Amino acid sequence: MRHRYPPPPSLEELGLVPPGAAAGRRRSGDDLPKMKKFRFQLLAGWIADRFPPCTVADVGGGKGLLAHLLGQAGFQAEVVDPVDQPLPPRYRDLASGRRVRLDEATVARRRVPFGPALGRRYDLLVALHAHGSNLAVLDTVAEAGNSCVVLPCCVVDEPAAPGPGQNWFTWLTDHARGLGLEPEPFALNFRGQHVGFAVRGDRPAG
Ligand SMILES: C[S@@+](CC[C@H](N)C(=O)[O-])C[C@H]1O[C@@H](n2cnc3c(N)ncnc32)[C@H](O)[C@@H]1O
């Protein structure tokens with residue numbers, strides 16, 4: 001069931017790379033292979049570069065490393081995920097290259113499924129490979145005027161889904177536009193499903 005949908009559009013199809021540029025261009029820092037597995041670090045940095053410190057829900061946040069890193073960057077972040085999971089014991093800090101131990105660290109967690117009644121309390125909703133909540137995130141942002149960053153992965157436990165053969169990423173961004181939102185695509189340099197979109201609402205201000 002999970003893989004009956006085509007992969008997300010290519011970077012060229014999303015307008016993120018000029019046609020023909022991907023094959024011939026020189027590699028830059030962002031392209032270095034060593035960066036490719038650090039999705040939480042890369043996404044936390046991307047968010048911190050684009051949004052002011054604000055309240056954040058790490059929707060479907062799993063172990064909570066993204067929420068932890070956003071907290072380190074000055075955000076008030078908590079995980080919203082019905083399954084309780086401990087933080088990983090350590091992670092690699094990309095700026096220093098050092099391994100950071102998380103022995104004593106904790107993140108705030110709400111052990112509940114995500115829904116609009118909870119989601120409207122946050123300025124920013126982040127859904128990294130989240131299950132069961134992508135549509136609810138968009139519905140919340142359309143109603144509450146907050147912002148979201150979504151990197152959709154598998155179609156799991158959503159109240160609606162594309163037909164077989166339709167692309168989940170494109171279906172979601174079309175759904176967002178149907179709600180009057182303006183999804184802006186982006187890509188990060190990690191392995192796996194690494195394209196996403198952001199919707200900017202009235203919150204967070206600035
Ligand atoms: C594929 S994991 C992604 C975890 C993490 N974001 C990551 O990138 O490693 C999907 C997560 O969604 C959570 N989840 C499932 N249903 C949910 C729901 N209705 N609301 C919020 N989270 C949900 C699962 O418990 C799981 O931790």
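## A well-covered helix

In helix α3, the buried residues are Leu 65, Leu 66, Ala 67, His 68, Leu 69, Leu 70 and Gly 71. This is a predicted model, by the way. Put another way, seven of the eight residues in α3, which runs over residues 65-72, are buried, and the helix is mostly covered.

So what covers the buried residues of α3? The cover includes helix α2 (39-50) along with the strands β1 (55-59), β2 (76-80), β3 (90-92) and β6 (124-128).

Most residues other than glycine have a negative phi. Now look at His 129: its phi is near 55°, a positive value, and it isn't a glycine. You'll find His 129 in the loop that links β6 and α5 (134-144). His 129 is partly exposed, because 18 other C-beta atoms lie within 10 Å.

Asp 157 isn't a glycine either, and its phi is positive at about 60°. This residue is in the loop between β7 (147-151) and α6 (168-178). Is Asp 157 buried or exposed? It counts as exposed, because it has 11 C-beta neighbours inside 10 Å, and the cut-off for exposed is 12 or fewer.

## A cis peptide bond

Most peptide bonds are trans. Which form does the bond from Arg 203 to Pro 204 take? That one is cis, with omega near -5°. To spot Pro 204, look in the segment after β9 (195-199).

Note on methods
Residues numbered from 1 in each chain as written. Predicted model: local features only at pLDDT ≥ 70, side-chain atom pairs only at ≥ 80, totals over all residues. Buried ≥ 20, exposed ≤ 12 C-beta atoms within 10 Å, placed from the backbone. Helix = DSSP H or I, 4+ residues; strand = E, 2+ residues; numbered from the N terminus. Contact = placed C-beta atoms within 7 Å.
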